[in-house]
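Below is a briefing on selected local features of one protein model. Please read it alongside the sequence and the structure.

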Amino acid sequence: MKKLYTPSFLNTRLGLFSLIALLIWVKNIFAYTVDFNLRIENANEYFILLINPIATTFFLLAIALYVRRTKASYITMMVLFTIMSLLLFSNVIYYREFTDFITVNTMLGAGKVASGLGESAVRLFRPYDVVYFLDVLVLAGLLLTKKIKMDERPVRARVAISVSLLSVVFFLFNLFMAETARPQLLTRQFSRDYIVKFLGINAFTVYDGVTTYQTNQISAEASSNDLIEVEDYVKDHYAAPNDDTFGIAKGKNVIYIHLESFQQFLIDYKLKDENGVEHEVTPFLNSVYHGNSTFSFDNFFHQVGQGKTSDAETLFENSLFGSAQGSLFTQLGGKNTFEAAPNILDQEAGYTSAVFHGNTGNFWNRNETYKKLGYDYFFDSNYYDVNEDNSFQYGLHDKPFFNQSVQYLEHLQQPFYSKFIAVSNHYPYSYFTNDEAGFPIANTSDETINGYFATANYLDKAVEEFFNYLKSSGLYENSVIVLYGDHYGVSTSRNKNLAELLGSSKALWNDFDDSSLQRVPYMIHIPGQTKGGINHTYGGQVDALPTLLHLLGVDTKNYIQLGQDLFSKENEQLVAFRNGNYVSPKYTLLGSNIYDTASGQLIEEPTEEVKNEADELKRKVSLQLQISDRITTGDLLRFHTASDLKVIKPEDFNYKNQLEQMETIEKDKGNDSTSVYSKNGNKTTSDQYHTETYQNYLKSGK
Ligand code: GP9
Ligand code: MN
C-alpha cells in the first residue's frame, strides 16, 4: 500500500493550527454561499463576508497555543475545531428549516426546537453535508494513527499572545468595516442575518449570548411587587371609551396597513415636476383620508426609537413603548410575556390573527416575537415569490406583496386581525428603473429626499389595488382598515434639505419644525360609517391599541396599556417621544426649550407658570416612559394574572406550512368555515386581484 504522505509543516503545532483555521474559514464560506441566503448587496459586503470568519476563528483556536503540554494542546485544538464545526453545521441545519440562526435562547430550549423540527429533521440533511465534519474526522484519524506527529515543543508565549492580539485587531477592523456598511449594527440589532453577514457565526453566537444574559439578569431581579406601581399608573391613566364610538366596528375584521416610512406631510402633497406641473403624490390615500368613512388624525405622532418599524409594531400591538436603546422585538420579543392585540382579540372575540410581510422572518426577530404576541400566522418572504426583479434589500415590493398575500388572506377564518407590512417606501428610496418608473423625482441636493415621493406614490397605488381587491372579494364591508405611518422617512438630519419643498427654507428651519414632521398618518377606515372626518386630537402610536379595541367593543380596563383611546373625552393629549421630549396642544418640549405649539414659537423667557406647567407635562411623560421600561425590562406582565389572558406558548405556533394548516381548518369546519375562500364556494378570489405597472397606468389615462 502506498504510504500516506503528510506535509511536514503539519507536524508542527502552528502548522496544524493554520490548517484548521483555513478549514474553518473554507467551511464558513461554503455555508455562506451554499446554505445561507444573506443577500449580499455589493462588493464591499462581499469582502466583509469573506473576512468575517477569520478573527474569531484565530482568537478561539489560539487558546490551544497557550497550552504547553503536548497532548492537552492538541486535544484543545481538536475540541475547538469540533465545536466551531458543530456550531456552523447546526446553524446550517436550523437555517434550512427556519431560515434563521440559532440563538442562545433557542439552544437553551433545544427540546422545543427539536419538536419544532419534527421527526423530519433527517430530511434536512444533504449528501454534501459531509464537508462540514469530514475534515474533523480525517484530522482526528491522522493524529490518532500518528500520520500527523504531535509536536513536543510548546508554542512560545510571545507567539500565542501575538496571535490573540492580532485577531483582536483584525476583529476591530472587521467591526469597523461592518459599522461603515451598516451603521449601528450592534446597537440597533436589526436582524440575525445582518450580524452573521457582517461578523460571522461565532461572533453572532457570543454577542447573542452576552445580550441574552444581560436581559435575563434584569428580569430575574424583578418581582410581582413591581407590578403594583404599574397597575396604579394604568388605573389613573385609563381613559374611558366614548359612547359614540365604542363598539362601532364590533365583530369586523381588522386589516392594518403599515405604511412604511410614511409621514403626514405626504398627505395632500403635490410635487412640482421640472415644468412646474403639480403631481398629487398619494391620490388614493388622500381620498381615504378625506372620506367620511374614515376617522383621520392630523396630530398623530410616531413614538419609535432605534427599533424603528419594530418599535411601531410594539406600540400598536401592546400599547407599550419600544426599548430605550435597540429594538424591544430583538431583545425581549422572543422571551417576554405580552398582552398583545392578537391574544386579546382571540380571547375576547375569537379572532384569528396573521401578519404578512415580504422580508425574511428573522428581521427584527419577528418570527419569535409574533408567537409571543399570539399571532396565529406569519407569512414572511418564504411564502412569496421574491426575485431580483420584484424586490430590494428589505424584501418584496408592495404591489406583488399585496397581490401575492391574497392567496393566504382568503383562507383566514373571520373575524381576523391582520397586518400587512409594506416596505417599498423605505430608505434609500431608490428610483424605479423598470415599468414602475415615471413618477417625478424631486430636485433637491439630497438623493434620499428626491426619490421619496415616487416610492410613496408607488405605495399609494399598491394600497389602492389592495382596496379594490377587498371590495370585489366582499371583505371590505366586513372589515375595519387601519392605515398608519410607522415613523419618519426623511431623517431629522436631512430635514433642512426638505424645507423648501414644504414652503420653508434652510435658514428658517428649526427644532420645532423637525418635531412637527414626526406626524404620521393614522386613519381608521370603517366602511359603512359616515361620521368620519379629520380629528385634531393630539396622540401617538401608544394610543392606537385602546382606540382600536374600544371601536371593536372590547373594554381595555383589565389590561396593562399605557396609551389612551383617542376618542375618549378623558384623553389628555400628551405625546411622549421616545427620548423624553413631548408634544401637547399647548406646549412642545424639545430638550430644555419650551415652544408654543400653536404658533411654533420658542418661548424665550418662560414665566414661572409656564415653566411649572411644562415641567408637570415632562414629569408625566417621563413617568409613562419609565413605567413602560419597567414593564418590558422586568418582564412584569408575566405577573399580571388579573387580565385572565391565556398564557402563550410559542411552541403552540408553527409558521411552517400555513396554507395547509388553514385548509385543514376549513375542511374541519365545513359549512361553518368563515374564510373568504369557503364563502366563495371553495374557489380562489386571487383572480379578482388587478395590478398594473405605473407605465401601464399612465397609458390607460386613468
Ligand atoms: C424590514 C422593514 C423595515 O422588514 O420592516 O424596517 P425599518 O428599517 O423601517 O425599521
Ligand atoms: Mn419602518
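Lys308 is placed in helix α13, where helices (H or I, at least four residues) and strands (E, at least two) are DSSP runs numbered from the N terminus. Its phi is near 35°, a positive value in a residue other than glycine. Lys308 has a relative accessible area of 16% and is therefore buried; buried means under 20% relative accessible area, exposed over 50%, and partly exposed in between (1.4 Å probe, protein chains only).

The model is predicted: local features need pLDDT of at least 70, side-chain atom pairs count only at pLDDT 80 or more, and totals for chains, interfaces and linings use all residues. Residues are numbered from 1 along each chain as its sequence is written, chains are lettered from A and ligands numbered from 1 in the order in which they are written, and side-chain values use heavy atoms, with hydrogens and water left out.

**Packing of helix α13**

- Helix α13 (residues 308–318) packs with helix α16 (residues 366–373) at an angle of about 5°, and their axes are 12 Å apart. Axes are lines fitted to C-alpha atoms, for helices over the stretch in contact, and angles run from 0 to 180 degrees between N-to-C directions.
- The angle makes α13 roughly parallel to α16 (under 35 degrees is roughly parallel, over 145 roughly antiparallel, 65 to 115 roughly perpendicular and the rest oblique).
- On α13 the contact (heavy atoms within 4.5 Å) is made by Thr309, Glu313, Glu317 and Asn318, and on α16 by Arg366, Tyr370 and Leu373.
- The residues of this contact of α13 with α16 comprise 2 nonpolar, 2 polar and 3 charged. Ala, Val, Leu, Ile, Met, Phe, Trp, Tyr, Cys and Pro count as nonpolar, Asp, Glu, Lys and Arg as charged, and the others, Gly among them, as polar.

**Manganese site**

- Glu260 (OE), Glu260 (OE), Thr309 (OG1), Asp486 (OD) and His487 (NE2) coordinate the manganese ion (ligand 2) at 2.0 to 2.6 Å. Donors are N, O and S atoms within 2.8 Å of the metal (3.2 Å for Na, K and Ca); water is not among the atoms, so sites may look incomplete.
- The spacing of the donor residues of the manganese ion (ligand 2) in sequence is E-x48-T-x176-D-H.
- Thr309 lies in helix α13 and His487 in the loop between β11 (479–485) and α19 (495–498), so the pair ties together parts that are 178 residues apart in sequence.
- Both Thr309 and His487 are buried.

**Val281**

- Val281 sits in the loop between β3 (278–280) and α12 (283–290), and at 0% relative accessibility Val281 is buried.
- Apart from neighbours within four places in sequence, Val281 contacts Leu266, Tyr269, Leu271, Phe439, Phe453, Ala456, Asn457 and Asp460.

**Backbone and loops**

- A cis peptide bond runs from Gln414 to Pro415, with omega near 0°; Pro415 is in the loop between α17 (398–409) and β10 (416–421).
- The peptide bond from Tyr427 to Pro428 is also cis, with omega near 5°, and Pro428 is in the loop between β10 and α18 (447–473).
- Lys146, in the loop between α7 (134–144) and α8 (157–181), has a positive phi near 60° and is exposed, with a relative accessible area of 63%.
- Glu605 belongs to the loop between β18 (593–596) and α22 (608–633) and is exposed, at 73% relative accessible area.
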